[in-house]
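Reader: I have a sequence and a model to go through. Please show me how to read a few features.

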Amino acid sequence: MKVVAWNAGGERRYGALDDGRIQILEGDWGGFRATGAFVGSHDVTLEAPLDPRSIVCVGLNYRLHAVESGLPVPDQPALFTKLVSSVLAPGGRIIKPDATEKLDYEVELGVVIGRETRGVRVEDALAHVAGYVTVNDVSARDLQKGDGFGWVRGKSADTFCPIGPFVLTADDVPDPQALRLTTTVNDEIRQDSTTADMIFSVAEVISFISQVVTLHPGDLIATGTPSGVADGMTPPRYLQPGDRVAVEIERLGRLENVVVAEESSRG
C-alpha cells in the first residue's frame, strides 16, 4: 500500500494511493484502517507522507561512500539526527542558505517505525517497520565540517529533509537490502547503487538504535547514502540555485525538488 498525506481544512489526512485516486485512511502508523471514502489524487496537494516525531540518521553506511570520503569503514553505526523542522514535501523548494557554498544531495532509504521499539533483537527488528520511503538527506558540507561535531546547521537547515512521494508499507517490500537507489541532478545520474552495499543492514540499524532509544510509530530512520555525492567528486559539483534534484528508490517512487537561493525563497 502506498500511503500519502495531505492537509484538509487544517487537519492532516492519510490515504492509500491507487490508480489515480486516494482511499482515505483512519488511524496512524501503528495501524491504518480503510474508510471506504475516496478523493481524487489531483484534488489534493500532497505533503510529506509522514510527520515524524524524530528523525535518526546513519552516517557512512555504504562501503563505497566510505571509500570516496577517505574514511575507514565504521565498526558500528554512526548516528546523528535531523530536526523535524527540516522536513520538505515532494515538489517543495530546497532553500540554499546564504551561509553555505557546498550544498549536497544524499539519496537514502527511509524506514518508518510501526510500533514502540526498545531493545529489539536484529532478527526481530523488521517486524517493527511500518513502511519504507525515499529521503534526500540534504547537507551543507562546509557547515557540517566547519562546526566540528555539531552537525545541526549542516544537516537540519529548513527544507533539508525532503521525504516522499509516498510510504510503501512493509508488506510490499520483501527485502529492504535489495533496492536500487539513484540521484539525478538536471537529469544527470550522480548516484546509482543498491542497498546491498550497506555496511549495517536495516535490521541491524533498528536494533542498534533501540538499545538506548525508544522508537515510536511514525519515527523515521534514514539509513545512509551510497557513493556519488557532490562532495566526493573531483572537483566537487555542489548544488546551485535552479538545479533539479531527483532521488529515487526502486518501488518507493521518485522525489523531485528544485534548489532556490535563500533570497529568492523570501519573495
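Reader: Which residues does P217 touch, not counting residues up to four places away in sequence?

Author: Contact means heavy atoms within 4.5 Å. By that rule P217 touches W29, G30, I113, G114, R115 and E116.

Reader: What should I know about the model itself?

Author: This is a predicted model, where local features need pLDDT of at least 70, side-chain atom pairs count only at pLDDT 80 or more, and totals for chains, interfaces and linings use all residues. Residues are numbered from 1 along each chain as its sequence is written, and side-chain values use heavy atoms, with hydrogens and water left out.

Reader: Where is P217 found?

Author: Helices (H or I, at least four residues) and strands (E, at least two) are DSSP runs, numbered from the N terminus. P217 lies in the loop between α4 (202-210) and β18 (220-222).

Reader: Is R141 buried or exposed?

Author: Buried means under 20% relative accessible area, exposed over 50%, partly exposed in between (1.4 Å probe, protein chains only). R141 has 5% relative accessibility, so R141 counts as buried. P217, at 37%, counts as partly exposed. R141 sits in helix α2 (residues 141-146), and its contacts include K102, D104 and Y238.

Reader: In what order do the five strands of the open sheet come?

Author: Two strands pair if DSSP finds at least two bridges between them. The order is β9-β20-β19-β16-β17, with mixed pairing. The edge strands, β9 (93-96) and β17 (188-194), each pair on one side only. Strand β16 (residues 180-185) runs antiparallel to β17, joined by six bridges. V185 has E188 in β17 as its bridge partner.
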